[in-house]
Structures are given as C-alpha cells and as structure tokens.
Protein chains: 2
Amino acid sequence: MTEAEFIVALRGLPLHAGARGLLDDAAVVGGLVMTTDTLVEGVHFVDHDPPADVAWKLVAVSLSDLAAKGAVPEGVLLNLPLSHDGWDAAFLTGLAEVTAAFAVPLIGGDTVSLPAGAPRVLSCTAIGRDAAAPSRTGAQAGDALWVTGVIGDAGAGLGIAIGAPGPATLLAAYRRPRPRLAEGRALAPHVHAMSDVSDGLLIDAARMAAASGLAVTIDIATIPLSRAYRDQAGAERRGRLAAATSGDDYELLFAAPPEWQPPVPATRIGAFADGRGVTLVDGGESVALPARLGWEHAPNT
Amino acid sequence: MTEAEFIVALRGLPLHAGARGLLDDAAVVGGLVMTTDTLVEGVHFVDHDPPADVAWKLVAVSLSDLAAKGAVPEGVLLNLPLSHDGWDAAFLTGLAEVTAAFAVPLIGGDTVSLPAGAPRVLSCTAIGRDAAAPSRTGAQAGDALWVTGVIGDAGAGLGIAIGAPGPATLLAAYRRPRPRLAEGRALAPHVHAMSDVSDGLLIDAARMAAASGLAVTIDIATIPLSRAYRDQAGAERRGRLAAATSGDDYELLFAAPPEWQPPVPATRIGAFADGRGVTLVDGGESVALPARLGWEHAPNT
C-alpha cells in the first residue's frame with residue numbers, strides 16, 4: 001500500500017476523539033498535544049550523517065509538530081536502537097544538545113537491539129501543553145497562505161550531505177532544523193489552520209487545502225529563499241520549484257484571514273478558495289504542477 | 001553500550017518529573033500514564049510470525065505496561081513501516097482485532113518506508129488514564145512478591161514458533177499475549193510496587209528489588225506453570241528456571257504487605273528483605289542463579 005492508502009485504512013479503526021480523524025500531525029488528549037515521528041536510516045537521514053545530528057533531528061522534527069499547534073514542549077518519549085559505543089556516545093551528545101536547546105525533558109522510552117547490519121529506526125513521541133492547537137483542516141475560503149522563514153535550505157543541504165559542494169549553512173539546515181516553537185506560540189491562537197513544512201511546501205499546502213475542503217493557489221515567485229539557497233540552486237523557476245518540493249524545512253505554514261498580519265516574520269505565498277487542488281502561478285503566469293509535490297512514503301516491496 | 005549502560009547515560013539528561021528516573025516502564029504526565037515499546041523483526045518477533053499477530057503483540061505489550069500501573073487505556077500512537085500489500089492488509093486486520101479486544105482507540109502515529117530488505121521496526125506508545133500508578137520502586141522489606149497467571153507459556157511458544165513441536169495454546173501465549181488490564185485495575189491501588197513480566201520473571205523481579213533498594217528471594221517451586229507448559233517443558237527445576245527466565249509472559253508482578261491477600265487470582269512466589277540481589281530457593285533448598293535472568297538487549301555490533 002502507499003502511505004496514503006495505509007492511512008485511509010487506519011481511519012477505519014476506532015479513532016480517539018482527539019485524533020482529529022488522523023488528518024492532523026498531532027492529537028489532543030486530556031489537554032495535551034501528542035505527536036510522533038519516525039526516522040529511518042537511508043530514508044530520512046544519510047548513513048554517514050553524524051549521530052549527534054541524527055539525535056538533534058529526531059527530537060527537532062517532533063517539536064516542529066508541537067510548534068505547529070502552538071504548544072509548549074512538555075517532554076519526549078524516545079524509541080532508540082543500541083549501536084556501537086562510538087555511535088551511541090555521539091548520539092547521546094546530540095540528544096543532550098537538542099533537549100537543552102529547546103528545554104524539553106525526557107519522559108520515557110524504549111531501547112532495543114537491531115539485527116546486525118539493519119538500518120537504524122528511531123522514533124520520538126513529543127508531548128506538549130497549553131496549546132491553542134489549530135488544526136490542518138480549518139482554512140477558510142479567502143484566507144491567505146503564509147509561511148515562516150525560508151524554504152529550500154534543507155533540501156539543498158541534503159544534496160550537500162550526499163556529496164554536492166555547498167556551504168555549511170545549508171548542510172546545517174538539513175541536519176539541525178530549528179522548530180519554530182516561539183513563532184507557533186504567537187501564531188496558534190489567531191490562525192485558522194497551521195502545520196509545519198516537513199514533506200515539502202507544495203505537498204503540505206495541498207494537504208491543508210484538501211483537509212479544509214478547499215483549493216489553494218500559490219505564487220512561486222513569492223516563496224522565500226535564503227541568499228545561500230539562491231547562490232546554490234538559483235532563484236529562477238526551477239530553483240523555486242525545487243525549494244517548494246524538497247521538504248525538511250520545518251517552517252510553519254498557516255492560513256489566516258486576508259487582512260490579518262502575523263505577529264512574527266512570515267511571507268504571504270498564496271490564498272485559499274472554494275474548489276479543490278493546488279494551482280501554481282509565477283507572478284502573473286500560470287505554472288504546471290510538478291510531477292512530485294513533495295515526499296511521500298512508498299511501500300517497501 | 002549495553003542497554004543498561006545506555007539507560008544510565010539517558011538518566012544524565014534532563015528528566016521530566018513524571019519520568020520516575022526512567023526506573024519504571026511508564027511515566028505519569030498531566031494525570032496520564034505514558035509508555036512506549038518497540039518490536040523489531042528478528043529480535044522481538046520471528047520473520048514468519050503472522051502479521052496480524054505482530055499487530056496484536058505490538059499493542060498488547062504496551063497495554064501490559066498500562067495494566068501494571070492500573071490505568072484505563074486512553075489510546076495508542078503507532079509508528080509503522082509500510083510493507084507489501086499482503087503484509088499490510090493482514091497487519092491491519094490484527095490491529096483491528098487488538099484495538100477492539102481491549103477497547104483502545106488510535107490517537108495518532110507515523111507511517112514510514114524502510115530500505116528494501118530491512119527488518120521491520122514498529123513502536124507503540126500507549127496512553128492511559130485514571131491510574132493509581134504504583135511504581136516499580138516501592139517494594140518494602142517484608143513485602144511478599146506475587147505474580148498473576150502462569151509463567152513460561154510464551155517462552156515455550158517461541159520455541160514452537162521457531163520450529164519445535166507443541167500445542168497451539170503455547171504458541172498463542174507467545175503471539176497473542178493478553179494484558180492483565182482488569183487485574184491491574186484491581187491491584188494498583190493496594191500494592192507497594194508493580195510491573196509486568198516482559199523480559200523474564202527473574203530479571204523483572206531483580207529490577208523491582210534493585211529499584212526498591214532491596215533483596216528478593218524467590219521460591220522457584222512456587223512459580224505457577226500451566227498444564228500445557230508442564231507437558232511441554234517439564235515441571236522439574238530445569239523447566240521452572242526456563243519458565244522464569246524466558247520472558248514475554250505479560251503477567252503482573254507485584255509487592256504487597258505479607259498479610260494482604262490480592263483481590264484477583266495470583267501466586268505468592270517470594271519475599272523482599274533488606275539487602276541486595278536475587279536469591280533462589282527450590283522449596284527448602286538453595287539454588288544457584290542461572291547465568292541469564294532474562295532478556296537484555298545487546299548492542300548491534
């Protein structure tokens with residue numbers, strides 16, 4: 001099955017009232033926000049990524065889902081594989097760094113051995129509190145679509161991680177994402193819908209539109225790019241589309257009334273309307289959708 | 001690192017107040033009990049175990065940790081790998097069965113692809129409510145040690161799963177454990193300490209004693225064995241020690257004052273005293289500790 005088909009099947013199971021129909025990246029149970037993410041070696045990270053960076057990313061990507069709900073991190077549960085001493089020690093260093101950086105304590109976890117040579121699989125379940133918890137489904141026709149920060153740096157960083165030349169800032173964006181916790185806190189009580197950008201700006205915007213029962217138009221000319229990204233990949237249409245489909249940005253994507261101005265730095269990149277699907281424009285010009293809007297998990301056949 | 005060394009290192013990180021120093025199998029956060037477990041193909045289950053049974057076991061083992069805290073299951077978050085269509089469909093059938101059997105809804109999860117040929121790794125984080133939540137650390141000198149149900153069936157069932165002849169009841173004990181949720185609810189408000197038996201009766205009893213700062217003596221003559229187990233492995237000392245070290249029982253192990261009688265069927269198998277370590281007796285006779293008290297994860301070297 002594809003990931004989408006599998007999730008449809010999961011929706012046929014009894015769902016918790018706080019599960020939001022599995023349409024959101026986080027659930028709300030007993031006043032707490034809960035979200036879980038898995039990283040797989042060779043899929044979500046490169047086998048020579050430094051173990052400390054893997055630890056950082058593991059925790060940071062779950063905190064990013066808390067950020068999208070406007071939650072304060074309460075703590076994390078970790079499912080970790082034992083490895084060899086050098087890897088484990090470096091991983092623990094990264095874990096100390098990321099938990100200190102975002103003031104998130106350890107709640108619990110499980111540690112397992114893997115068969116020799118198996119790719120590492122790691123999970124993080126993050127718990128947050130005190131969240132306005134806007135869902136992904138609440139966008140309204142006429143809302144503007146906004147995104148924090150810049151898009152594409154992590155995707156360019158992945159290229160560098162697997163061998164392309166390029167600057168350390170882009171590599172760091174891929175390996176050490178910074179969840180937008182403060183921005184999420186400021187935005188969550190006011191926006192109609194919010195998610196993070198994990199699989200790609202276009203696919204995450206498409207999911208917000210679909211979950212809200214709306215169409216969305218995105219002007220790729222407005223997609224915010226860093227100077228480093230422009231130098232690396234170019235700011236022409238091709239570079240912009242690459243940025244918008246590469247994922248791992250961990251910026252916040254949100255829908256808000258057209259006249260509303262966000263209280264944190266963000267860029268207006270599109271608008272929601274009645275209908276379905278994603279439409280791209282580049283300034284005034286219509287642009288065909290790329291074949292791939294972002295990252296979707298394929299089955300292991 | 002060994003699992004024990006790794007957990008010691010994790011204890012050096014900032015811990016949540018509800019994490020219980022990572023000495024327990026569950027944490028208590030905002031009035032909710034939280035526990036997480038990972039199953040690895042080739043480690044926790046056999047690659048030809050039916051996918052529906054893997055799903056059952058994944059959820060059941062986490063619910064067993066809730067049972068040991070006396071919690072009512074609130075729901076589960078699942079970290080699942082996509083596989084081929086046949087495996088996925090059968091897995092989803094088992095998931096429907098176990099969630100219905102124990103009335104536990106789905107809160108959320110994450111679905112990922114694995115590199116081709118990689119062993120499946122699955123995690124379940126279970127959330128429970130309304131728990132007295134006795135810890136593993138509260139046993140007192142003079143307390144009796146009790147266990148629910150019978151011990152050893154699942155270990156014998158593993159032998160059958162990997163090729164030994166034997167009855168379906170033992171195989172089912174291995175593949176479809178039944179968390180002692182009702183027993184846990186009845187016991188939790190009254191006991192001094194409780195955990196489930198997951199890695200082996202002796203090692204789990206040793207952990208309870210160590211976490212409580214006490215010694216424990218276990219009379220292996222009293223370890224409860226099923227008729228099927230006796231027929232399969234024998235009830236002599238060797239069979240009893242095999243039962244007490246094989247794990248996967250998911251019975252409840254608890255410490256309570258010596259005069260107290262549990263409100264559910266259980267067997268008194270030992271006692272706590274000042275001191276350290278585990279002592280085995282067989283009726284009146286002293287018995288040497290086996291080299292292996294149960295299952296401990298080794299690093300993947």
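Two residues are in contact when heavy atoms of theirs lie within 4.5 Å of each other. Keep in mind that this is a predicted model. With that in hand, here's the tour, starting with a methionine in chain B.

**A methionine in chain B**

- B:Met208 sits in helix 7 of chain B, which runs over residues 201–212.
- Buried or exposed? B:Met208 has a relative accessibility of 0%, and because anything under 20% is called buried, B:Met208 counts as buried.
- Setting aside residues up to four places away in sequence, B:Met208 touches B:Arg136, B:Leu145, B:Ala193, B:Met194, B:Ser195, B:Leu253, B:Phe254, B:Ala255 and B:Phe272.

- Which residues does UniProt mark here? An unreviewed UniProt entry puts the feature "binding site" at A:Asp25, A:Asp65 and A:Asp196.
- These three are spread over 172 residues of sequence, yet they cluster in space, with a largest C-alpha distance of 8.7 Å.
- A:Asp25 belongs to the loop between helix 1 (3–10) and strand 1 (27–29) of chain A, and with a relative accessible area of 27% A:Asp25 is partly exposed.
- A:Asp65, by contrast, is part of helix 2 (residues 51–68) of chain A and is buried, at a relative accessible area of 5%.
- Not counting residues up to four places away in sequence, A:Asp25 touches A:Met34, A:Thr35, A:Asp65, A:Arg136 and A:Asp196.
- With neighbours within four places in sequence left out again, A:Asp65 is in contact with A:Asp25, A:Thr35, A:Asp37 and A:Asp196.
- The side chains of A:Asp65 and A:Thr35 also make a polar contact, at 3.1 Å.

**Another annotated aspartate in chain A**

- UniProt, in an unreviewed entry, lists A:Asp199 for "binding site" as well.
- You'll find A:Asp199 in the loop between strand 7 (193–196) and helix 7 (201–212) of chain A.
- Though in a loop, A:Asp199 counts as buried, with 17% relative accessibility.
- What does A:Asp199 touch, not counting residues up to four places away in sequence? Its partners are A:Asp204, A:Arg207, A:Thr245, A:Ser246, A:Gly247, A:Gly294 and A:Trp295.

**Crossing helices in both chains**

- In chain A, helix 4 (residues 153–161) and helix 5 (residues 168–175) pack with their axes 7 Å apart, at an angle of about 105°.
- Angles of 65 to 115 degrees count as roughly perpendicular, so helix 4 of chain A is roughly perpendicular to helix 5 of chain A.
- On the helix 4 side of chain A, the residues that meet helix 5 include A:Leu158 and A:Ile160; on the helix 5 side, they include A:Leu170 and A:Tyr174.
- By class, this contact of helix 4 with helix 5 in chain A has nine nonpolar, one polar and two charged residues.
- Over in chain B, the axes of helix 4 (residues 153–161) and helix 5 (residues 168–175) come within 7 Å and cross at roughly 105°.
- Helix 4 of chain B is thus roughly perpendicular to helix 5 of chain B.
- The contact of these two chain B helices has nine nonpolar, one polar and two charged residues.

**A glutamate in chain B**

- B:Glu41 lies in the loop between strand 2 (32–40) and helix 2 (51–68) of chain B, and at 10% relative accessibility B:Glu41 counts as buried.
- Its side chain joins that of B:Arg120 in a polar contact of 2.8 Å.
- Apart from neighbours within four places in sequence, B:Glu41 is in contact with A:Pro115, B:Asp47, B:Ala118, B:Pro119 and B:Arg120.

**Positive phi angles**

- Most residues other than glycine have a negative phi.
- A:Leu22 has a positive phi, near 60°, and is a residue other than glycine.
- A:Leu22 is in the loop between helix 1 and strand 1 of chain A, and is buried with a relative accessible area of 15%.
- B:Asp130 isn't a glycine either, and has a positive phi of about 60°.
- The loop between strand 5 (121–129) and strand 6 (144–148) of chain B holds B:Asp130, which counts as exposed at 52% relative accessibility.

Key:
Residues numbered from 1 in each chain as written. Chains lettered and ligands numbered in written order. Predicted model: local features only at pLDDT ≥ 70, side-chain atom pairs only at ≥ 80, totals over all residues. Heavy atoms only, no water. UniProt positions renumbered as here; feature names shortened; annotations may be inferred. Helix = DSSP H or I, 4+ residues; strand = E, 2+ residues; numbered from the N terminus. Buried < 20%, exposed > 50% of the residue type's maximum accessible area, 1.4 Å probe, protein only. Polar contact = N/O pair within 3.5 Å; in protein donor to acceptor, adjacent residues only side chain to side chain. Axes fitted to C-alpha atoms, helices over the stretch in contact; angles between N-to-C directions. Parallel < 35°, antiparallel > 145°, perpendicular 65-115°, else oblique. Nonpolar A, V, L, I, M, F, W, Y, C, P; charged D, E, K, R; others polar.
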